Structure formats: C-alpha cells, structure tokens
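Colleague: I would like to learn how to read a protein model. Can you take me through one, feature by feature?

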Amino acid sequence: MRSLVTLLFLLAFTTRSGVDALDRFVDVNIPQYNCTANNCLGSEGCHCASHITPGGLRPKDTPQFIVITNDDAITVTTMPVIVNIVDKYANRNGCPVPATWYISVNYTDPALVQEVYMKGHEIATHTMNHVTLPGIDEIVGAKLWLNQTARVPLEKIKGFRAPFLVHNLEQRAMLQQNGFTFDSSIPEVYPTPTSPAANQKLWPYSMNFGLPQSCHLGTGPCSLNETLPGLWEFPMWAIQDDTNKVITTMDPPGDLFEAYKREFNRSYTGNRAPLGVYVHAAWLMDPTRADALTNFIRYAIQFENVFFATVSDVISWIKNPVSAEEYAKTRPVSCMKPTDMWFPSGSFCKKVQCVNGNWTEASCDCTCAAEFLSNQPGFCADAKTGACTLPKIFNPNTVAFECPAGSIKRSYSGVAPAAATTTTYVPLPTTPTIPTTTTSPTFATSTLSPTNSTITIPTNVTIVSPAPTPPTPPPQCGHQLMSYVALSMSGSLDGASKYIEATKAVDSMCTTCAMADSTSGNYFMVTLKESTQLREVYVVVGEDIPEAYIFVGESSEMYGMKNPVCANKISLSGGKASKVKCELKGKYVTIATRGMLPLCDMYAVPASAPMENAPTIITNVAAATTTTTKPEGESLVGTTGGSNFQSSSGGGGFTSGGAYIQNGADMALSGDFNKATQALIDKAMQLTGW
Ligand SMILES: [Zn+2]
C-alpha cells in the first residue's frame, strides 16, 4: 500500500516538474511573501523560501543531503561520541561523513575544536555560556574565541544555533550585522504554507524577503519584515509521526533509527529537502542510541544520490545547484583537508593523554617523568601512542636507567625535546608574519586570508617619529581581543567578508587594513564589552582622510551614529596613528567619514587605563585644522565629557560638551546607511557649528 502511495506521489511530482523552472521557483502560499525569481537573484546569493527543489532539478536527480549536527561544548567526553560514529563511514564519492558542531565555548577544549576542524567538519557557534536570548557579547564572543583561541579561520565560522532554540528578530539582526551566513534555530513542521506535506518540506533559504515560516508554532517569533540579505535559515525540520504529530526537532525519543528512517524516506521519495540529524553527544552516550544512529547512517548511505554534508556544503550547493551525478564528481569543503589553520608549533598537534609526564604544547609532545635522567627510574614514550606508558629499565652494564625497546629514543639536549616524529596534518603554507624588527611596520594586506582584499594601501607608509617601539610578542595591536565584542563596517562586500575585513583592522596583525568603500559615506563601529568611560580613541588610516567623525554612546542604532559626537571633523593622515581625545562614555565607538575609509587600526582607551598602557604603535597626534565654539542658539544634549579633538599642541579642542544628534537619522529606517551617514554628518556639522 505504501509503495503505491509513493508511486502515485512520484508520478504527480514528475508531472509537476515539467513546468518551467522559473514559474515554480517559489511556491510558498503566503500572499505577503514577495520573494520571486525576478527579484531574488541566485547570482546575488538570494534564494527564496520554497519546498520546490532548487535549480529546476527533478527530485530524482537531486542530491539527498543529510546533515548531522551536534550542539554544546566539545570535550574529551563528547567529541569521540560523534567522531567514532561518523568515522566508520564514507560518502559514495569517497568524502568523509562530516558533522556540523554548534559549539558553546564554556567547557570546550580548543585542541578538540582544532581536531574536528582538521577532519573537515564544520565549526559553528552556540554562544559563550549557553544562555537564553544571548547578547552580542555571547554571540560574537563565541565566534572570536573560536578564531583567536582555537584558531579556526574567521571566514569558516559561518553558523549559529540559539541555545534552547529560543530565537528572536534581534538575534538574527546581530548575526547578519556580524558576518554570519546562517542560523539554524527555527523549527519547521508540516503541513504549513512553507512545508505543505511530509514529503514536500521547506528547503533552506536566504532572508532577503523576510521569514515566511510558521514561527508561532515554534520557539520564537519571526517576521516577513525581517529583510536580512545574506543570512540563511537552515530549518530545524521536525520529526513527526504517521499522524503528522510533532515529536521533536532534536534527540528523538524511542527508536531513533525508525524516526530518522521515516523522515529520510519521506524526503528521499519526495522533494529531497535535506534531512537534519540534530543530536547532542551527551544524549548519544547511551550505546543503544549510538548504535541506532550508526545503523541509520549505514541504512541511508546505501541509497543512490545520498550525501552526508555540512550545513555550509548544502548552502553552497543551493547557491549553485547541480545534479547528484555532477555533485558526486565535486569535492565540497568538508572533503578537503584544511590547510588554513595556524598552529603555534607549525603543525596540528594531536594531543595525547599525558600520564606520567608533562604536556609541551610548543613541541606537541609529552615529556615523560625522569625520561632524560639516567640515574633515576621513570617513564618513556611509547613509539606507537606517544604516551609515557613504558617504564624505564635498569641496565647493569651501563649502570643507568634506560628506555626500553618500543619507546621513542630521545636524548636530552637541555631544551624541550623535538616534536613528535609523526605529524598528522599539514601546516599552513605561510605562517602569519609577526613584526619583529625595530623598523616601522608597513601596511600590507593580510597573509592570513586566502581571499584578496580589495583595499589599496600604500605599501611603504611609515609612522612618523619617534619611531614606534616594536610590539613584543604577543603583538599588542589586537589590544587584547576581548576589549571589543563585535565590529561592523560599511562597504561593498557581503556581510561575512566585511566582518573578516573589519576584524583584520583590529586583530593581532598590526599590518592589515580594511576598506569601507561605500560611495557616499562610510562607518566602522566597534562594540565594547561593556559601557566604558573613554579617554581617547586611537585611529590608524591607510590614506589621508580630510574629514572624520567619532561617535560614542549606548545606542547601536544607525551603527552607533545616533550617539553623541566625540570628535568632529577631524583630519587624519594616512599611515599615521592619530590620538583623538574622546571623553565620553559608551559601548559603541564609531568612526564615520564622507569618503572611503581605509582603516588599519582603531582602539578605544578607557579613562581608567594607565597612561603608559597606551598602545606602543601610537606616536602621532594629528593636528586639528580648526577650533570650534559652541554654536549660537543650539541646545546641545550631553553636557558631560568633552567633544574634543586635541591638536598636537594640546589645544584647539572645544569644550562645550558632546553634541547629541537627535534627528537626522530618520533615513536609517529606510536601510540606506549611505544617505543616513550623510544626514548625520550634516546634522553634526549644523549642531556644532562646523
Ligand atoms: Zn545547546
């Protein structure tokens, strides 16, 4: 009986698929959802919400993707649970079976993050501390930690899942503004306008025209007015029984093999929407469940055109859909051995359990107890495992304790022993260059990112006298990472690329700059960890900027430009570090310009910071060209704190207080920040009499 139903469905679907691809591109039965093939161009990374198979492909020619995800911390307990299961199998094209890890930072071991990354798995975020409705510090903090501590390249950290799946509009806006590519937090059930039937579920989509899902059935609100270009939703497809009753979206109770098999069959014989196997490793520690998941992978992988993939693999395919036959010939990111992770020891360091010894990160090695002392008993490293499990034996001929056969023969040279003889993974072709010379740093594009920067920066710009003190390792140009939690920047790049560019400008590489290149005005905003009373803002730009503005305050609206003006119409010299007096309090520090903004560094100094802690790179105070007075007849809000730009002679600032821009940001609501930037700058000038 069931096979007859399946057959009838397939016939029906085959008939449908004869329709022209464009006509059937969108089939969401919501009149207000305005996404169409005409206004949502795949070439611009847009993809409408739809249950129709992408690319006009017939379902039977479409890859059936299965995405395994794990949530929460990666620890020595949780990591092997997933890895041991997926490592048993390979895709039919020879690629490994990857997982996507939504990592919460608390309890996570960065070495294990590196290990799964080097296996081709996807690293995504799940906040710092697994809190409900996290703020930007929790969301972006996790991304920065994964980059700075676990050293996962920023451009590879694309995804987010909300703790407890509790999501809202603000969260998604934060994701989009901070360079994320996808969210995966919204439950999707059938029958609904987006998923009309069990075998016609919603495909992942971009939020260019809002979210048409039936969020009232799930764990948070969503709206058709949420226009978030570049951000995708990778739905949490519910597991539902034969009566359509929703069972769960994660960790299915009962027989999980049967649950996933049922959903797999529905998709595979239907529109081939991806299947989400969404689990927690902690839940899989029950061996019955682990066996059931293993059995499911073995079951599914035998079907033609089935591919286990990461979330990013699937989104890449949707952006450029090819038939399953073609796809089998390609190599998705998860299939390629990463070469873009940087390791202090020069190569991936597969940590061994270091009993009877001490772990040495730099040499990636376990130094065994008394290993190099011939007059003492102790332990030696097993050549097979690298662990210090072989006791030394006494040799009466040499009157010494020696390492037994089967151990790594090492000699003590007064320094740390050499790195382990076997290196599992390849190092980066080029390790980042850390400035060590006493000459001035030069500005160049990053060596970290494989993507070419669009910025043109003079290559031999030097910093004016006195010569800067070279940073001592570790370089301080990054100003201790967590002094900021988020960045945003205007420009022509997409959200993720802009975020990377922005991070380059304040990261630990002192020699990288980012270009905000909107045609009619630009901003760069730093979000501090908490509201901070500032003393100065340091800025290094790559080219002369005749007119810049700095805003500081508590509002993130309009990229911080609704905040009080801290410095007005300052001129900045290319290649020079400029110290700008800025005595306002706030969480958001924004620099805005009328033209291009090639930013190489920006740092807000708290008033509480000792003077001598000023960044060593700063040497120059750019001269103010004009002094200002409080304009007649204007009422300025924010009377505490100077709105000063301090000239090199120490004078020239105006002391009438911060000029608060109350109006002029109206255009922000229209989403046109270029016009809004202009309006704000105009208003600032008007208010302060420039
Ligand atoms: Zn969680």
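Predicted model: local features only at pLDDT ≥ 70, side-chain atom pairs only at ≥ 80, totals over all residues.

Colleague: What is the mean pLDDT of the chain?

Modeller: pLDDT is the predictor's confidence in each residue, from 0 to 100. Here the chain mean is 75, and 71% of the residues reach 70 or more. Over residues 612-674 pLDDT stays under 50. It also stays under 50 over residues 686-690.

Colleague: How many helices and strands does the chain have?

Modeller: The chain has 12 helices and 27 strands. Of its 690 residues, 47% count as buried.

Colleague: How do I read strand pairing? Which way do E22 and E25 run, parallel or antiparallel?

Modeller: Two strands pair if DSSP finds at least two bridges between them. E22 and E25 run antiparallel and are joined by five bridges. Tyrosine 538 has lysine 579 in E25 as its bridge partner.

Colleague: And which strands pair with E1 in the parallel sense?

Modeller: Strand E13 (residues 306-308) runs parallel to E1, with three bridges between them. There, phenylalanine 65 stands opposite phenylalanine 307. E12 also pairs with E1 in the parallel sense, over five bridges. In that pair, isoleucine 68 faces valine 277. E2 is another parallel partner of E1, with four bridges. Aspartate 71 stands opposite tyrosine 102 in E2.

Colleague: How much of E1 is buried?

Modeller: Eight of the eight residues of E1 are buried, so the rest of the structure largely encloses it. Gln64, Ile66, Ile68 and Asn70 point one way, while Phe65, Val67, Thr69 and Asp71 point the other.

Colleague: Now helices. How do I check the span of H6?

Modeller: The expected span is 1.5 Å times one less than the number of residues. The 13 residues of H6 (residues 256-268) should span 18 Å, and the end C-alpha atoms are 18 Å apart, which agrees. The buried residues of H6 include Leu256, Phe257 and Tyr260. Among the elements that cover them are strand E1 (64-71) and helix H8 (287-300).

Colleague: What about H11?

Modeller: Helix H11 (residues 495-506) reaches 17 Å from first C-alpha to last, close to the 16 Å expected. H11 is mostly covered, as 11 of its 12 residues are buried.

Colleague: What is a nonpolar core?

Modeller: It is a set of buried Ala, Val, Leu, Ile, Met, Phe, Trp, Tyr and Cys residues joined through C-beta atoms within 7 Å. In soluble globular proteins, nonpolar side chains tend to be buried together. The largest core here has 144 residues, and Ile103, Val113, Phe524, Ile550, Leu599 and Met602 touch the most other members. Strand E22 (residues 522-541) gives the most to this core, with 10 residues. Domain 1 (2-34 + 57-335) and domain 3 (481-688) both give residues to it, so the core lies between them. Domain bounds come from an automatic or database assignment.

Colleague: Which residues does valine 113 touch?

Modeller: Two residues are in contact if their C-beta atoms, placed from the backbone, lie within 7 Å. Leaving aside neighbours within four places in sequence, valine 113 contacts Ile74, Ile103, Thr108, Ile123, Leu146, Ala150 and Val152.

Colleague: Last one. Is threonine 398 buried or exposed?

Modeller: Threonine 398 counts as exposed, with 9 C-beta neighbours inside 10 Å. It is found in the loop between strand E18 (393-395) and strand E19 (400-402).

Definitions and conventions. Residues numbered from 1 in each chain as written. Helix = DSSP H or I, 4+ residues; strand = E, 2+ residues; numbered from the N terminus. Buried ≥ 20, exposed ≤ 12 C-beta atoms within 10 Å, placed from the backbone.
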